[in-house]
Amino acid sequence: MRSSSLVLPFAKLVAAASVGCSQPAAVPERPAAVRQPAAVVEQAVDETKKTANLDALRAQLAAAKDSDAAVLALDTIALLGPNAQAAIDDLVKATTSDDARVRWHAARAIGLVGEEAIAQLPVLAGLLADSDPIVVAQSAAAIGLIRKDDERTETPPKDAALYESVFAPLAKTALHSDPRARR
C-alpha cells in the first residue's frame, strides 16, 4: 500500500509538468565524434592501469621472501588472465621453486593466460612428472585451459606438435598413484 500511495502523487506530478508540452524534452546527444575519443581514452587508461599493475605484481613476485608472498603474487597475476602474457617468464621461473605450493600456483597461472601460453606446454608437461600430486593435477588442468582457450578451427603444424608432445605425459597421469593427479 505504501508504494502505491507514493506512485500516485509522482504520476500526478509528472502529468502536471507535462501539461502544455507536446513532446517530452529531448536530451541532447553528443555526436559520435565526441563519444568515440572518450571510449578510446578510457580503454587506453584501462590498458595503462593493467600494465602498471602487472609490472608491480611481477616486482612483487620477484621480491617475495616466502612462499605465501609468492603465492599471493602468482594468484593475483593469474586473475589478469590473457593480460598477464608479459609475466609468462616470471611464471615459468616460479615453476622451479622448491615449494610445491608455488609450483602449482605458477602452473595454474600459466594456464589462465590461455592460448598465448602455448609455448609453455613443454614446461607444464615436465611438471606432470612432479613428486607432488597437486602440482601434477594443476599442470594437467593448465594444459587443458590453454587448449580450451584455443578456439581455432585449424591448428598450425607448430602448435599441433606442441599439443602432441603433451599427450603421452598427460596419458601417463591417468595412471598416477594419487587420485588427485589422476583427476
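Predicted model: local features only at pLDDT ≥ 70, side-chain atom pairs only at ≥ 80, totals over all residues.

Reader: Which residues in α5 are buried, then?

Author: Ala100, Val102, Arg103, Trp104, His105, Ala106, Ala107, Ala109, Ile110, Gly111 and Val113.

Reader: And what span should α5 have at 1.5 Å a residue?

Author: It should span 20 Å, and the C-alpha atoms at its ends are 20 Å apart, so the two agree.

Reader: What goes on at the start of α5?

Author: There, Asp99 brings a side-chain oxygen to within 2.7 Å of the backbone nitrogen of Arg101. Just after the helix, Gly114 has a positive phi of about 90°.

Reader: OK, zooming out. How many helices and strands are there in the protein?

Author: Nine helices and zero strands. Along the sequence the pattern reads α-α-α-α-α-α-α-α-α.

Reader: What about the largest nonpolar core, which residues touch the most other members?

Author: That core has 41 residues, and the ones touching the most other members are Leu74, Ile77, Leu91, Ile110, Leu121, Leu124 and Ile146. Two or more residues each come from α2 (32-63), α3 (67-78), α4 (88-94), α5 (100-113), α6 (121-127), α7 (133-149) and α8. The largest share is from α5, with eight residues.

Reader: Pick Leu74. What is it in contact with, leaving aside neighbours within four places in sequence?

Author: Leu61, Leu91, Ala94, Val102, His105, Ala106 and Ala109. Of those, Val102, His105, Ala106 and Ala109 are buried residues of α5.

Reader: Last bits. What percentage of the 183 residues count as buried?

Author: 32% of them. As for the surface, the protein exposes about 11800 Å², with 60% of that supplied by carbon and sulfur atoms.

Reader: And of the contacts between residues at least 6 apart in sequence, what share join residues at least 24 apart?

Author: That share is 60%.

Notes:
Residues numbered from 1 in each chain as written. Heavy atoms only, no water. Core = buried A, V, L, I, M, F, W, Y, C linked by side-chain atoms within 4.5 Å. Buried < 20%, exposed > 50% of the residue type's maximum accessible area, 1.4 Å probe, protein only. Helix = DSSP H or I, 4+ residues; strand = E, 2+ residues; numbered from the N terminus. Contact = heavy atoms within 4.5 Å. Areas by Shrake-Rupley, 256 points an atom, 1.4 Å probe, with all protein chains shown as cover. Expected span 1.5 Å × (residues − 1). Polar contact = N/O pair within 3.5 Å; in protein donor to acceptor, adjacent residues only side chain to side chain.
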